[in-house]
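I wanted to see what the inside of this protein looks like. Here are my notes, in the order I looked things up.

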Amino acid sequence: MSSPLKKDPAWQALAEHAREMSGVHLAKLFADDPARGERFVAEADGIYLDYSKNRVSDETLRLLLKLAEARGLRSRIEAMFRGERINRSEDRPVLHVALRAPAGESIVVDGQDVVPEVHAMLERMAVFSAEVREGHWRGHTGKRIRNVINIGIGGSDLGPAMACQALRHYGAREMALRFVSNVDGTDFVEATRELDPAETLFIVCSKTFTTLETLTNARTARAWSLAALRDEKAVRRHFVAVSTNAAEVSKFGIDPANMFGFWDWVGGRYSLCSAVGLSLMISIGAESFRAMLAGFHAIDRHFLGAPLEKNLPVLMGLISLWYNEFFGAQCTAVLPYEQYLARLPAYLQQLVMESNGKQVTLDGARVDYQTSPVVWGEPGTNGQHSFYQMLHQGTRLVPCDLIGFCKPLNPLDGHHDLLLANLFAQAEALAFGRPADPKAPQRGFEGNRPSNTILLDQLTPRTLGSLIALYEHSVFTQGAIWDIDSFDQWGVELGKVLAQRIAGELQDPEAGAAQHDSSTAALLRRYMRLRL
Ligand code: F6P
């Protein structure tokens, strides 16, 4: 018995059409339609999406859009914006879009308009960040804060870490912004090595405030601070929390007055625009932070209002799904031609794979189609001297997103033209290849390797916001078609439970007699014999 998705006539038409398209080369699609490069494009809020170098025809797009309609994409989008409880397994609304709604808009959750609360929190963050940036918020000994360390993991780390790096050009240079996430002690030690505790502010960032890694690092941070400052009262000047869990925050010893809250309708990987972005706001200032929110919001409105055939996140989501389902593609490469976006692929890994790496539908039925692709990538041009060999001549199909900006932030003579020349050249080489010389088959490029080119004016807070929202909503589009819950993450639970159990056994070797498979048991015995 096939799933409702596979039984959908639109799906079946796509499967049939994919057989026809599998033999069609991009070179032919371009030869048949000289205007293709201008027709297969879409634009919104300064994002120019060229999707012409994809193995799609007008008919492909018509069928993909038909599938989106048949699967109720439009009504699912509206349900999210209306605050319906679309995160079904956790029975929660999904309202990261409310985090960037302008004052005056209204989004109601359980009878209450949440937009005023969002703006009140943004205002508190703005006041606090200005105090830190301007040196009014002093450490316990009266010294100015020069180092800000965000302690968090997953969505409480990747968003602010990626964005702080992305917007470094706009950030306060006199302050060191660092991120500690891993429970590996090296992360903490290296982040704090040459810092003065009297000048260091920790932001303990955790939605639940129960995450093992974050609490372990936060305890270590407190011990590190107090070892130097020698007064419990110092915690008030050196620790603030970002969380939804006030009880656990005060249990940890952080003054609730120093807590910046958010709401359970904000998923961790969608939380950059909430108080989770506090470290970013300290770095770039409230005005730039608000400009980023405006970029997010512009794409939110576009996603909600633009017709599906001109809707950038919808097009990107559908085209990616096309390869995932009908061409056996297992991954997507994200290739920013912008060094400041070096952490974007890592950020998107959580966004895409934690959202859509699911095996059951909203009703709990096992899916019989592929869900999330694997996401990976590195900035260009570096990747070109590493894994692009496989992209061009390997046996797997890897759809790529190449992201570039027309204006550089660091215009060194000649660099930017070379950077962008490489981006355009790679997209061209992937698509069209080069005929093989029978005497040197190793030099042949088959081409027909698909890519999107995403071109923006310049990397600014606003364009970064738009770019992230583009990916967020493309993830939504795919999840809606797959009929999965893109907003839960039960797949991370089992490892956490087992790690807690094993950690207990490591403290008490007798308890280590608990049942384990022979491999795990032998590894544990060896570790206990050899550890410090
Ligand atoms: O383990 C996965 C996860 O729950 C992510 O979804 C989340 O972003 C991360 O852990 C951190 O969670 P928290 O913010 O509650 O510490």
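**Ground rules.** I am working on a predicted model, where local features need pLDDT of at least 70 and side-chain atom pairs count only at pLDDT 80 or more, while totals for chains, interfaces and linings use all residues. I number residues from 1 along each chain as its sequence is written, and side-chain values use heavy atoms, with hydrogens and water left out.

**Whole chain.** I counted 21 helices and 13 strands in the protein chain; these are DSSP runs numbered from the N terminus, with helices (H or I) of at least four residues and strands (E) of at least two. The radius of gyration is 25 Å, close to the 24 Å from the globule rule for 532 residues, so the chain is as compact as a globular protein of that length. That radius is taken over C-alpha atoms, and the rule is 2.2 Å times the number of residues to the power 0.38. I also noted that the C-alpha trace spans about 75 × 60 × 60 Å along its principal axes.

Next I checked burial: 53% of the 532 residues are buried. Buried means under 20% relative accessible area, exposed over 50%, and partly exposed in between, with a 1.4 Å probe and protein chains only. Of the contacts between residues at least 6 apart in sequence, 74% join residues at least 24 apart, a contact being heavy atoms within 4.5 Å.

**Cores.** Which residues touch the most other members of the largest nonpolar core? I found Trp265, Trp322, Ile454 and Leu464, in a core of 126 residues. Helix H19 (residues 461-482) gives the most to this core, with eleven residues. A second, separate core has 24 residues, including Ile151, Val180, Val235 and Phe252. My rule for a nonpolar core is a set of buried Ala, Val, Leu, Ile, Met, Phe, Trp, Tyr and Cys residues joined through side-chain atoms within 4.5 Å.

I then took a look around Trp322. Beyond its neighbours within four places in sequence, Trp322 is in contact with Leu14, His17, Ala18, Met21, Arg55, Val56, Thr60, Leu64 and Phe327.

**Cavities.** I searched on a 1 Å grid over the protein atoms alone for sets of points where a 1.4 Å probe fits but cannot get out, and lining residues have an atom within 4 Å of a point. Points are joined across faces, edges and corners, and a volume is the space filled by probe spheres set on them. There are three cavities of 30 Å³ or more.

Leu99, Met121, Trp263 and Cys273 are among the residues that line it.

**Backbone details.** Where is the cis peptide bond? I found it from Gly380 to Thr381, with omega near 10°. Thr381 sits in the loop between strand E11 (374-376) and helix H17 (388-393).

Asp91 is not a glycine, yet its phi is positive at about 50°. At 47% relative accessibility, Asp91 counts as partly exposed. Asn448 also has a positive phi, near 65°, but at 10% relative accessibility Asn448 counts as buried.

Conventions. On a 1 Å grid over the protein atoms alone, a cavity is a set of points where a 1.4 Å probe fits but cannot get out, and a pocket is an open set with protein on both sides within 12 Å along at least five of seven lines; lining residues have an atom within 4 Å of a point.
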